[in-house]
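Colleague: I'm new to this one. Could you walk me through it?
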Amino acid sequence: MSQSTESLLSVQGLEKHFPITKGLFQRQVGAVKAVDGLTFDVVKGETLGLVGESGCGKTTTGRLITRLIEPTAGKIVFEGKDISHMSQGDLRPLRRDMQMIFQDPYSSLNPRHTVGAIVGAPFRIQGVKTEQGTKKAVQEILELVGLNPEHYNRYPHEFSGGQRQRIGIARTLALKPKLIIADEPVSALDVSIQAQVVNLLEDLQNELDLTYVVIAHDLSVVRHISDRVAVMYLGKIVEIADSAMLYKAPLHPYTNALLSAVPVPDVKRRTQRDRIRLQGDVPSPINPPPACRFHTRCWKAQEVCRTVEPPLAELLPGHQVACHFPENTPQDAGPAEPVAAAGDAGDQGIAPGVINPVS
Amino acid sequence: MSFLELKDLRIHFPTDDGLVKSVDGLSFALERGKTLGIVGESGSGKSVTSLGILGLHKGGRAKISGEIWLDGEELVSATPEHVRTLRGKKMAMIFQDPLSAMHPYYTVGQQIVEAYRIHHPVGKAVARKHAIDLLGRVGIPQPDRRVDSYPHEFSGGMRQRAMIAMALSCDPELLIADEPTTALDVTVQAQILDLMRDLQQEFDSALIIITHDLGVVAELADDILVMYGGRCIEYGSASDIFERPEHPYTWGLLGSMPRLDRERTDRLMPIKGTPPSLINVPSGCAFHPRCAYEPRTDGKATTKVPDLLETEGGHLVRCHLSKDERRGIWENEIKPTLESA
Ligand SMILES: Nc1ncnc2c1ncn2[C@@H]1O[C@H](COP(=O)(O)OP(=O)(O)OP(=O)(O)O)[C@@H](O)[C@H]1O
Ligand SMILES: Nc1ncnc2c1ncn2[C@@H]1O[C@H](COP(=O)(O)OP(=O)(O)OP(=O)(O)O)[C@@H](O)[C@H]1O
Ligand code: SF4
Ligand code: SF4
Ligand SMILES: [Mg+2]
Ligand SMILES: [Mg+2]
């Protein structure tokens, strides 16, 4: 949980446009606006969750923050240093402090290297000398993530998916980073194993005082591990708030629709739940809809939504939303229940909203 | 006899590493108009079961025994040719990945027309009209234009709809959907689940939905079968499984899942260890190396495979603990932790 309010990472107006080229001369004919103006802070010791549907720019954001790619525009400030356009050489010492965990525990580990070599690689790359030698240090980390230190000489294929993800986590921990960006760290794992890895991430955070940005599309997992959550749609943040607030009373129609689409394992609820059914798919980030990007699927859209882009504004303390007609507010014309209604926690998570007629 | 009945179905694959017992004695029954959810972790035998029902393991190296009765006909002993004539017409499948099930060089319409004309001796124009109808029914906008699109021109959700249209083209009485929404975004998943629910009611078919997502089965299934290591370890109505589950593995699945419909719990309760290898399935109860209650079964769990026994009203459980012990543990030890704030 976050104690301080000191920003470890601060992102302002961040953009990444991937050029689309055509023909022999690679003439640029357009751009994929994968990330299109993100502003947010990550506070020391917290977990920020980043959610949104496929292609909304989550992974690109992670790769920008860790400077695996260079931003088209905007600023990334890590520990007070502007790293937006830092050279790879200058970034090198910072790489110790910032690590990324990847989604796929199968392809992100080199099959020809032993566990010892994989987890020890960061020491060698950074030229770090440890007191009792790299092997000892690596074995300690293996133990920390719940792997047997004796497995030092084994190869990735000898491990299960969950164990491989632990190896990946061990590797990122080697140099005691301050910030870890975890991109879908559990989505390739079976549910019983997912829970093991989620608990491990939480334990490590407490023990090592880590700060996380966790990217995931599973809204239940994100609620479980995040202190704050940012919801992305087509390259933009549409809502960002304290996790409990966001899930109890989402302000953005898209967040509300996302939450109401999650199937919950409760058979009694199956008939009772009021659902918001979005139509169609997410539009292409090459030609995103003008003004509010969500207007093509939003049941509340008005003329102003198609012409004026709603800014990300702080509507409630610590709760920012980009919408002209937010949900769950006194101004909300919809039939939403009062935000603070007591009673069954589950019902508060899903505001009634308006049900779209499904064709 | 039920519309679909499996009796002690076994599907084993001889491999260089040993015999893979992917399905090892599976029995269940399903009526028309009902939905059965099959849940279980990766490698528990869900897909092998569904391919087995469709007869797609026939002629391969798989060793198949037991009985599969579909509308009064036994399929394990039937010839591959005969079962082929039933596919499409009598039973059809919706796969997780529509791209792998569709031909990339033919338009979506051509593929539906093809599937339809195998079983219906009609002209191309009539079949095309039928294809357009179906695409409209599954919610593809402008079906008369999209019928001439290629699969890659569709988004993931549209492809899944097109595959459902293809599977429905001959009004199958049994529809098997293997992870039909796993690759989709949650808002699109919700659309597809709605669609499947509506279509099933309209066609009164029997539906088997296979998934690892307990939320998805809770949305659709009347009955649920929980698989572990190629066997059914618990079977019951959706309320049995979600409100009074009696198998330690089912408890583990429920405890592993963060839930949006409850207050956030402090900590998830994972199942320790990993799913078993189907070559060296653990002796006795296959779940015993991971089970916290194994010590309470006096060593029986490591030596004897528990029988799948009825606990009450069609609710079946495969565990050596007594009914009273299981209910006591659920009420006093498990349920409170799942609901704790
Ligand atoms: N190197 C690249 N060149 C061109 N387009 C790219 C590149 N990387 C990503 N994109 C595009 O940018 C958009 C955002 O992609 P990104 O991978 O960040 O999405 P995501 O939110 O992580 O999605 P998912 O949930 O599917 O992982 C997508 O439309 C993607 O196709
Ligand atoms: N043709 C085959 N030859 C040998 N083994 C096979 C074959 N097909 C499946 N298996 C094995 O049978 C077991 C069950 O596989 P199955 O595909 O049914 O799992 P599943 O429950 O569908 O898992 P998932 O959730 O990952 O789809 C696995 O161990 C798999 O490796
Ligand atoms: S700005 Fe308008 S279109 Fe956009 S989310 Fe709000 S109400 Fe919907
Ligand atoms: S038989 Fe024993 S080991 Fe198996 S599930 Fe029951 S209690 Fe656990
Ligand atoms: Mg991604
Ligand atoms: Mg499968």
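Colleague: Where is the place of B:L4?
Modeller: B:L4 is in strand β1 of chain B, residues 4-15. Strands here are DSSP E runs of at least two residues and helices are H or I runs of at least four, numbered from the N terminus. This is a predicted model, where local features need pLDDT of at least 70, side-chain atom pairs count only at pLDDT 80 or more, and totals for chains, interfaces and linings use all residues. Residues are numbered from 1 along each chain as its sequence is written, chains are lettered from A and ligands numbered from 1 in the order written, and side-chain values use heavy atoms, leaving out hydrogens and water.
Colleague: Is B:L4 buried or exposed?
Modeller: Buried, because its relative accessibility is 0%; buried means under 20% relative accessible area, exposed over 50%, partly exposed in between (1.4 Å probe, protein chains only).
Colleague: What is B:L4 in contact with, leaving aside neighbours within four places in sequence?
Modeller: Its contacts (heavy atoms within 4.5 Å) include B:F28, B:W69 and B:I208.
Colleague: Switching to chain A, what's the strand order in the open sheet?
Modeller: Its 8 strands run β6-β7-β8-β3-β9-β10-β12-β11, with mixed pairing. Strands pair if DSSP finds at least two bridges between them.
Colleague: Which strands stand at the edges?
Modeller: β6 (98-101) and β11 (313-316) of chain A; each has a single partner strand, so one side of each lacks a neighbour in the sheet.
Colleague: How many bridges link β6(A) and β7 of chain A?
Modeller: They pair in the parallel sense over 4 bridges, and A:I101 stands opposite A:A182 in β7(A).
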